[in-house]
Amino acid sequence: RARYVAAFAYVLGRAAHATGTMSDAERAEMVRLATAAGLDSAQGPLIVEMAGSLSGEFGATEDFLVAREFKAISTMEERELLLRCCFLVMAADEEIDATESWLANRLAEELDVERPDLNAIRAEFHEQLSGVKEVRRLAAS
């Protein structure tokens, strides 16, 4: 269970750091998700803080190894849940930019989530995609 929680939190930290920094909104969303996942109110913030700092310190090799570990100890449903949670973290500041969207694609590959399943999850966050927001802004002006 500890390996599962640690890997889950680390990957969420990757999502939060996709743009180079973790915003307060992303941090708060990670804590909310940790609490919803069953961690108590004292553990959630600690795990989020550790995951956030660790995922920002390590490089691509460690990122891949953690994703591979999570894939090995999880079901497909749990991997899709993790990917959905990554989208929730990335959308916490009301916009998923191109870098975050690229990371979602990368995570889906690392976790062996099929493209149609990734697209179904991404569709849930359609209104937060920066490209969609820009097209709507241009259409309104």
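Helices here are DSSP runs of at least four residues, numbered from the N terminus. The model on screen is predicted.

**Stop 1: the largest pocket**

Select helix H1 (2-16), helix H2 (24-36), helix H3 (43-57) and helix H5 (76-90); each of them supplies at least two residues of the lining of the largest pocket. H1 gives the most, with five residues. The lining comprises 16 residues in total, and the pocket has a volume of about 240 Å³. To find its centre, show Phe8, Leu12, Leu33, Ala34 and Ala37, the lining residues that lie nearest to that point. Colouring the lining by class gives 15 nonpolar residues, no polar ones and one charged residue.

**Stop 2: alanine 16**

Stay on helix H1 and select alanine 16, which is placed in this helix. Is alanine 16 buried or exposed? Its relative accessible area is 0%, and under 20% counts as buried, so alanine 16 is buried. Now show its contacts, leaving aside neighbours within four places in sequence: they are Thr21, Met22, Glu26, Met30 and Val89. For a distance check, pick phenylalanine 64, which is 48 residues from alanine 16 in sequence and 16 Å from it in space, C-alpha to C-alpha.

**Stop 3: H5 against H7**

The crossing of H5 and H7 is right-handed. Show side chains for Glu80, Leu83, Arg84 and Phe87 on H5, which meet Asp117, Leu118, Ile121 and Arg122 on H7. By class, the residues of this contact are four nonpolar, no polar and four charged.

Terms used: Residues numbered from 1 in each chain as written. Predicted model: local features only at pLDDT ≥ 70, side-chain atom pairs only at ≥ 80, totals over all residues. Heavy atoms only, no water. 1 Å grid on protein atoms, 1.4 Å probe; cavity = no way out; pocket = protein on both sides within 12 Å on 5 of 7 lines; lining within 4 Å. Points joined across faces, edges and corners; volume = space filled by probe spheres on them. Nonpolar A, V, L, I, M, F, W, Y, C, P; charged D, E, K, R; others polar. Buried < 20%, exposed > 50% of the residue type's maximum accessible area, 1.4 Å probe, protein only. Contact = heavy atoms within 4.5 Å. Left-handed = near helix turned anticlockwise from the far one by under 90°.
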